[in-house]
Amino acid sequence: MSDMTNNAHGTAIVVDGTGLFFCGPSGCGKSGLAFDCLAEATLRGLPNALVADDQVLLARQNERIVARRPDAIRGLMELRYSGIVAVNSVEEAELHFAILPVNADGNMRLPPENERLSLTPEIDLPVIRVPFWSRFPLALIFAQIATMQAKRS
């Protein structure tokens with residue numbers, strides 16, 4: 001890890017080698033959406049794990065963005081109205097995308113092209129917007145990743 005570690009508010013998970021950082025204001029559905037993605041990955045037989053929920057330690061390692069967990073919250077997720085649950089976890093993982101849970105507000109039908117989110121002055125990630133009510137959020141995220149990659153080719 002670099003000397004610059006930043007504590008960010010959000011939830012970090014890894015699914016089949018892809019690191020996802022769910023971010024947004026308190027109460028917007030970050031943990032619930034991340035939990036749904038972990039459950040969907042398990043149902044699909046994909047390897048998956050929580051890195052950290054609520055507090056995520058971010059650092060740049062050369063060209064990689066790495067998320068780590070504080071030991072005190074290892075393997076724990078707080079799901080609003082359900083309480084704290086234990087899930088499979090890893091100590092750290094590389095992050096690839098910032099996931100923004102969104103409500104249908106009627107103002108934006110399509111997200112901005114090539115949108116990026118600055119998590120710290122040194123760290124930014126490409127953004128994927130996901131409705132918090134999505135029935136298969138992981139499928140939607142992976143479809144958007146495939147679309148981004150196809151546009152680069």
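## Close-up views of a predicted model

View 1. Residues are numbered from 1 along each chain as its sequence is written, and side-chain values use heavy atoms, with hydrogens and water left out. Helices (H or I, at least four residues) and strands (E, at least two) are DSSP runs numbered from the N terminus. The buried residues of α1 are Lys30, Ser31, Leu33, Ala34, Cys37, Leu38, Glu40 and Ala41; buried means under 20% relative accessible area, exposed over 50%, and partly exposed in between, using a 1.4 Å probe and protein chains only. Just after α1, Gly45 takes a positive phi of about 75°.

**View 2. Arg44 and Glu40 pair within helix α1**. Their side chains meet in a salt bridge at 3.9 Å, N to O. A salt bridge is a side-chain nitrogen of Lys or Arg within 4 Å of a carboxyl oxygen of Asp or Glu. Why do these two residues sit about one helical turn apart? Because they are four residues apart in α1, which covers residues 30-44. An α-helix has 3.6 residues a turn, so residues three or four places apart point the same way. Glu40 is buried at 9% relative accessible area, whereas Arg44 is partly exposed at 45%. A search of the whole structure finds seven salt bridges, and the next two views show others.

**View 3. Arg68 and Glu91 form a salt bridge**. Here the closest N and O atoms are 2.2 Å apart. The pair links distant parts of the chain, 23 residues apart: Arg68 belongs to strand β4 (residues 64-68), and Glu91 to the loop between β6 (83-86) and β7 (92-95). Arg68 is partly exposed, with 25% relative accessibility, and Glu91 is partly exposed too, with a relative accessible area of 41%.

**View 4. Lys151 and Glu113 form a salt bridge**. The closest N and O atoms of this pair are 3.6 Å apart. Lys151 is exposed at 58% relative accessibility, and Glu113 is exposed with a relative accessible area of 60%. Returning to the previous pair, salt bridges that share partners join Arg68, Glu91 and Glu92 into one network.

**View 5. The largest pocket is lined by 16 residues**. Pro112, Glu113, Asn114, Met148 and Lys151 are the lining residues that lie nearest its centre. The elements that give two or more residues to this lining are β10 (124-131) and α2, and α2 gives the most, with five. The volume of the pocket is about 510 Å³. A pocket, on a 1 Å grid over the protein atoms alone, is an open set of points where a 1.4 Å probe fits, with protein on both sides within 12 Å along at least five of seven lines; lining residues have an atom within 4 Å of a point. Grid points are joined across faces, edges and corners, and the volume is the space filled by probe spheres set on them. What kinds of residue make up the lining of the largest pocket? Seven are nonpolar, three polar and six charged. Ala, Val, Leu, Ile, Met, Phe, Trp, Tyr, Cys and Pro count as nonpolar, Asp, Glu, Lys and Arg as charged, and the others, Gly among them, as polar.

**View 6. Asn114 has a positive phi of about 50° although it is not a glycine**. This residue is placed in the loop between β8 and β9. Asn114 is exposed, at 72% relative accessibility.

**View 7. Asn6 is buried in strand β1**. The strand covers residues 6-15, and Asn6 has a relative accessible area of 19%. Leaving aside residues up to four places away in sequence, Asn6 touches Val56, Leu57, Leu58, Thr120 and Glu122, where contact means heavy atoms within 4.5 Å. The C-alpha atoms of Asn6 and Leu57 are separated by 5.5 Å, although the residues are 51 apart along the chain.

Note on methods. This is a predicted model: local features need pLDDT of at least 70, side-chain atom pairs count only at pLDDT 80 or more; totals for chains, interfaces and linings use all residues.
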